[in-house]
Amino acid sequence: MPSPSPRLSVFQAFLLTFLLVLGSGAAWARPDTDHTTPAPTPAQALQQLGDQLDSVKDALKDAQKTPAGDTALGDLRTRAMQVQDQARQLADGLAPQMAALQAQVTVLGPPPAKGAPAEAPEVATQRRQLDKAETSLNAQLVQARSLNLDALQLVSQITGLRNDQFQARLAARTDTPLGHAFWSDQADSLPNDMARFRRLASRWSDAWHDAWQPPNRTPLQAFMLAALLLLAAGRWALHRLWQHVAAHWLPDGHLRRSAMATVMALSTTLVIGLAAQCLHMGINWNDTLDSDLDTLAAAAVRIVCFAALIAGLGSAMLSARHTSWRLLPLSDLATQRLRAYPWLLGGAALLTGLTERIIRSIGSSLSATVLLHALLALMVSALIGLVLLHLRHARRETDASGDTPIRRPLWVGLLSFAAALGVVTCWLAVCTGFIALAFFVAVQMLWTGLVAASLYLLLQLVADLFEALLSPRGRSGQRLQAGFDLAPETLEQASTLLTGISRVLLALLALTLVLVPFDAGPAELAQRAQLLFGGLKLGQLKIEPGTVLGAIAVFVLGLVALRVLKRWLGEQLLPKTTMEPGMRDSIVTLLGYLGGVLVFALALVALNVNLQSIAWIASALSVGIGFGLQAVVQNFISGLILLVERPVKVGDWVSLADVEGDIRRINVRATEIQLGDRSTMIVPNSQLITQNVRNVTHSSAQGRVRILLPMPLSTDADMARQHMLEALHTHPSTLETPAPVVRLDDISVSAMTFSIVAYVRSPREVSGVKSDLLFDILKRLGAANLPLSTPQSMLVRRLRDDDGNTDAAPPTT
């Protein structure tokens with residue numbers, strides 16, 4: 001019958017993932033320190049894999065004749081998957097060698113036809129060697145692929161056999177506990193079962209007596225004292241320590257709440273697990289326990305850790321004493337009523353696991369096993385049912401009191417409905433005799449609840465962690481902005497993206513753990529994921545998770561390195577040279593484009609993308625470019641020309657047909673020009689190449705102020721010129737070189753015109769300086785009684801004729 005203890009392997013995998021999210025590292029592989037043993041040749045490796053696969057086939061035939069346990073079938077499936085994985089890797093390693101041999105044969109060319117002159121002896125010898133090597137390598141490649149296929153078929157066969165046995169166990173029906181036959185079988189088997197249990201208890205009593213003897217008593221007492229200290233003050237000390245760390249190291253916000261809940265769950269598991277391990281080590285000091293008892297004790301320690309995680313996680317999620325730390329959307333009334341249930345459920349899980357291990361250890365009768373499974377299923381389902389009833393009553397009382405009810409998410413309602421359905425199923429299955437089904441549903445409810453609670457906690461922790469690390473207002477976010485010149489919006493987008501990706505991965509992991517077939521361990525999960533994603537292809541490109549992650553890492557690290565290089569050049573190296581700012585900006589921009597292309601190419605190489613495939617893609621895109629992307633490509637090429645030839649550069653003041661302003665940025669497609677009203681005009685780069693462009697600051701950055709001033713013919717020209725020059729020299733923005741000039745530009749019948757010219761440091765100062773000079777000149781001329789010329793007046797006379805009529809004469813000037 002199914003039991004919770006085999007799930008401890010899956011629990012270890014989920015706990016490992018839990019610790020990885022918190023930042024703890026795990027070593028999945030150890031380097032081989034034995035360098036003296038030579039690696040087997042491909043032929044030897046294929047022979048070993050064939051022998052391993054044959055042994056698995058023989059063991060499977062024996063299992064089909066004599067029904068084997070689910071654990072034995074799981075071991076056979078794991079061995080077959082290992083053979084399949086090694087065969088696939090060997091085939092992947094032989095494929096490049098075959099391609100290299102075929103390339104060498106292609107270089108030699110085809111053999112000479114009949115009647116043609118014979119080729120050189122050394123060429124013929126090389127051709128024979130290559131043909132022989134190609135034939136041998138092809139045979140190895142075919143054998144490796146055949147082993148891969150055979151192993152996959154064997155894995156599928158074992159999986160089907162396991163599923164059949166599993167369904168047969170769940171569908172097995174015994175006598176109902178409501179009938180007399182069920183209890184009569186219990187009465188018949190009770191004496192033998194009690195005798196078996198007394199023998200196990202006697203063995204444990206003898207082991208305890210040996211552990212209490214003087215050679216072992218002191219270590220046992222020391223470990224028992226350590227266990228008591230851990231249980232008494234371990235959780236309190238860890239909570240105090242974490243509160244101190246959180247207050248001094250963690251930023252204010254939701255991260256403290258989710259981190260505190262995580263520490264509470266892990267500290268409970270750690271403290272109780274260490275206490276159980278201390279008792280195990282104290283009793284087994286100097287190998288007091290035999291192999292069977294030691295195995296049972298080690299399994300009991302794992303079960304204690306499992307139960308402690310249920311209790312600690314439930315208590316952390318409820319947080320009955322500290323409302324501000326609570327993660328679940330529950331009222332204070334509901335949490336107070338559910339306060340004891342995490343520990344009750346943990347105790348039920350502990351009792352279930354220990355009972356199952358003891359049943360297996362003593363080899364109890366089928367009737368006793370069925371009875372214990374029925375009682376455990378009823379106990380677990382009853383506890384879960386009481387939790388649901390308390391939640392319902394708490395919601396009703398909250399509604400009756402007039403308080404605003406806490407809105408429950410949709411997933412909470414779905415989980416509650418599934419739990420209620422599981423409780424009803426357990427009780428109906430027990431009453432109708434389907435004890436195995438009831439026990440499986442009860443254990444599955446415990447496991448699903450643990451996975452769901454862990455998932456919820458991890459989702460909150462991941463979201464709060466990225467929000468704290470990448471918040472533009474936090475210390476780490478400000479350091480990232482200063483160190484990598486990132487915009488606040490970029491950090492917020494990165495936080496949202498990383499949170500979404502992490503949540504999807506955690507949800508997939510939780511779903512896998514919930515739906516994983518019974519007795520599946522971490523190794524099998526990893527192999528299944530490799531089988532699932534390892535065979536995906538996009539055309540001829542094989543998509544493997546490791547390769548994709550490596551390509552993403554190369555792309556991200558390449559962009560970071562490129563950004564650091566651009567910042568070093570733009571802020572440290574190039575400013576120390578004699579280059580102009582526009583030239584420096586053009587170099588940094590061009591380097592960014594070239595570096596981006598290089599980083600993208602390196603990512604494709606890390607993804608094992610064939611460059612020939614890229615050429616085909618470029619050829620296909622050229623058709624689209626020829627029809628719909630002409631303007632984009634034209635602007636792109638024009639942008640490169642602007643960066644290389646630099647007819648205009650950043651900081652220049654340019655004038656086009658209807659645009660005049662300063663160039664602020666030259667992008668890959670368009671150029672940003674800031675106008676006089678501080679607005680920005682986006683001009684395609686092709687216009688700066690194909691149209692007439694007036695670059696005011698191309699050869700000189702100076703601006704020219706020119707004023708035409710008309711004055712009457714009676715004006716003293718020398719005095720007026722003197723006042724104008726004084727105004728020019730007095731203004732602080734006019735340059736001494738070239739010197740300001742006042743010339744008599746024109747003389748007409750009514751006025752003479754002065755031309756006033758001065759130079760300033762930048763064309764952008766011309767309008768302001770011109771206005772200041774006009775005000776100053778008018779003031780000076782007015783003080784010297786030197787008036788400006790006025791336009792001629794128009795006189796219109798109306799004449800009367802002899803009849804008294806008025807005729808309008810044409811205007812005269």
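Helices (H or I, at least four residues) and strands (E, at least two) are DSSP runs, numbered from the N terminus. By that assignment, the chain has 23 helices and twelve strands. This is a predicted model, in which local features need pLDDT of at least 70 and side-chain atom pairs count only at pLDDT 80 or more, while totals for chains, interfaces and linings use all residues. Residues are numbered from 1 along each chain as its sequence is written, and side-chain values use heavy atoms, with hydrogens and water left out.

**Overall figures**

- Of the 813 residues in the chain, 37% are buried, where buried means under 20% relative accessible area, exposed over 50%, and partly exposed in between (1.4 Å probe, protein chains only).
- Contact means heavy atoms within 4.5 Å; among contacts between residues at least 6 apart in sequence, 73% join residues at least 24 apart.
- The chain exposes about 46900 Å², with carbon and sulfur atoms supplying 62% of that area. Accessible areas come from the Shrake-Rupley method with a 1.4 Å probe, and for residues only the protein chains shown count as cover.

**Salt bridges**

- Side chains of opposite charge can pair when their charged atoms come close. A salt bridge is a side-chain nitrogen of Lys or Arg within 4 Å of a carboxyl oxygen of Asp or Glu, and the whole structure holds ten salt bridges.
- R203 and D290 form a salt bridge through their side chains, at 3.0 Å from N to O. This pair links distant parts of the chain, 87 residues apart: R203 is in helix α5 (residues 180-211), and D290 is in the loop between α7 (254-283) and α8 (291-318).
- R203 is partly exposed at 32% relative accessibility, and D290 is partly exposed at 34%.
- R360 and E356 form a salt bridge whose closest N and O atoms are 3.4 Å apart. The two residues are separated by about one helical turn because they are four residues apart in helix α10 (residues 341-362).
- Within that pair, E356 is buried, with a relative accessible area of 4%, whereas R360 is partly exposed at 43%.
- E765 and R761 are joined by a salt bridge of 3.8 Å, N to O. E765 is partly exposed with a relative accessible area of 24%, and R761 is partly exposed at 49%.
- Elsewhere, R203, D290 and D292 belong to one network of salt bridges that share partners.

**Surface patches**

- Patches are made of residues with over 30% relative accessible area and no salt bridge; like charges are joined within 9 Å, and nonpolar side chains (Val, Leu, Ile, Met, Phe, Trp, Tyr) within 5 Å.
- A patch of negative charge on the surface is formed by D51, D54, D58 and D62. Lys and Arg count as positive and Asp and Glu as negative, with His and the chain ends not counted; the place of a charge is taken as NZ of Lys, CZ of Arg, CG of Asp or CD of Glu.
- D58 is in helix α2 (residues 42-65) and is partly exposed, at 43% relative accessibility.
- A nonpolar surface patch consists of F484, L549, I552, F555, V556, L559, V560, V564 and F600, which together have about 770 Å² of accessible area.
- Helix α17 (residues 545-573) gives the most to the nonpolar patch, with seven residues. L559 is found in helix α17 and is partly exposed at 37% relative accessibility.

**Buried positions in helices**

- T268, in helix α7, is buried with a relative accessible area of 0%. Not counting residues up to four places away in sequence, T268 touches R235, A308, G312 and W343.
- L130 lies in helix α4 (residues 121-171) and is buried at 8% relative accessibility.
- With residues up to four places away in sequence again left out, L130 touches L101, Q104, V105 and L108. L130 and Q102 are 28 residues apart in sequence, with their C-alpha atoms 8.5 Å apart in space.

**Backbone geometry**

- The peptide bond joining T737 and P738 is cis, with omega of about -5 degrees. P738 is in the loop between α22 (717-730) and β9 (741-747).
- D287 is not a glycine, yet has a positive phi of about 55 degrees. D287 is in the loop between α7 and α8 and is exposed, with a relative accessible area of 66%.
- N785, likewise not a glycine, has a positive phi of about 55 degrees. N785 is found in the loop between α23 (766-783) and β11 (798-800) and is exposed at 66% relative accessibility.
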